Amino acid sequence: MKFKSSDFVFQLFALLGAIILVHAIYVAIIRPNADALIAEQMAREEAGETYIQQRSIYIVMRDYEQEACFVLMLWAMAIMGLKARRSMRERKLLDQALLNVSEGTPILPEDARDLSRPIQALPEEERNFLLPRALLTALQRFGSTRNVGAVSSSVKEVCETEGDRLDSELAMVRYITWAIPSIGFIGTVRGIGEALAQAHRAVEGDIAGVTVSLGVAFNSTFIALVISIVIMFFTHQLQLMQERLVLDTQNYCDNKLLRFLKVG
């Protein structure tokens, strides 16, 4: 419950921080530059000048749909960064000798309690990591059942449960990855609707409004799809990191504990 509440607070403040940061950049930099470029383009069109319209990143990013997409992108990055940091901290435990067992020394059920003490002496946060939980579960099961098969099953069960938990915690990131293209399509629908509403002006020869509205439609979809591609890449990298952590933890238990167990 402690980790869940702290994760919720972090996600809430990460969302608020992303909203404030992105909106500040849009108000101070992106929208003023985009409005100035659009005004310049319209002035040239009204003057009848012949020029090549340059595609500016400010115009591509100026609308509210793109701003929402960037907010969600930063939010997802913050969530994935927190989970990646936790996975890297857990991985560091794999390089530590949590069990004082010499090569070739058998572990009897009577030794389980003594071997558990260094793990139980870890700080509370580290004790809740996957590797200490798997080792403690295995030692307690061995001391109570004196059955190596039951110990192996308990380690596998802990690792599978952790894998399911890590996968379920990525649900918010997956939702954000789905929401970003959807917001882009909302911008597409809005832009096309505004362009159709100004179709009568285009018939009369004034295509400036239609051009701007169609730009909203295509720019929002373009930005949303690019951001979703980036988010999906980092999501798969994080998922791969977590899956490797679970597999390496199971291998650690096999190599450092299970193969030394012996029932007298």
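F8, V9, L12, F13, L16 and I19 form a nonpolar surface patch, with about 580 Å² of accessible area together. Patch members have over 30% relative accessible area and no salt bridge, and nonpolar side chains (Val, Leu, Ile, Met, Phe, Trp, Tyr) are joined within 5 Å. Areas come from the Shrake-Rupley method with a 1.4 Å probe, and for residues only the protein chains shown count as cover. This is a predicted model: local features need pLDDT of at least 70, side-chain atom pairs count only at pLDDT 80 or more, and totals for chains, interfaces and linings use all residues. Residues are numbered from 1 along each chain as its sequence is written, and side-chain values use heavy atoms, leaving out hydrogens and water.

**Overall fold**
- The protein has ten helices and zero strands. Helices (H or I, at least four residues) and strands (E, at least two) are DSSP runs, numbered from the N terminus.
- Of its 264 residues, 38% count as buried. Buried means under 20% relative accessible area, exposed over 50%, and partly exposed in between (1.4 Å probe, protein chains only).
- L16, from the patch, sits in helix α1 (residues 2-47). L16 is partly exposed because its relative accessibility is 42%.

**Helices α6 and α7**
- Helix α6 (residues 130-145) packs against helix α7 (residues 148-169) at about 155 degrees, with axes 9 Å apart. That makes α6 roughly antiparallel to α7 (angles over 145 degrees count as such).
- Axes are lines fitted to C-alpha atoms, for helices over the stretch in contact, and angles run from 0 to 180 degrees between N-to-C directions.
- R146 lies in the loop between α6 and α7. Its phi is near 55 degrees, a positive value in a residue other than glycine.

**Salt bridges**
- The count comes to 15 salt bridges. Each needs a side-chain nitrogen of Lys or Arg within 4 Å of a carboxyl oxygen of Asp or Glu.
- E162 is three residues from R165; E169 is four residues from R165.
- E162 is buried at 4% relative accessibility. R165 is partly exposed at 28%.
- R86 and E90 pair at 3.4 Å. They are four residues apart in helix α3, so about one helical turn separates them.
- D35, R62, D63, E65 and R190 are linked in a salt-bridge network.

- P106 lies in the loop between α3 (64-93) and α4 (112-120).
- P106 and V263 are 157 residues apart in sequence, but 9.0 Å apart in space, C-alpha to C-alpha.

Methods
Patch = residues over 30% accessible without salt bridge, like charges linked within 9 Å, V, L, I, M, F, W, Y side chains within 5 Å. Parallel < 35°, antiparallel > 145°, perpendicular 65-115°, else oblique.
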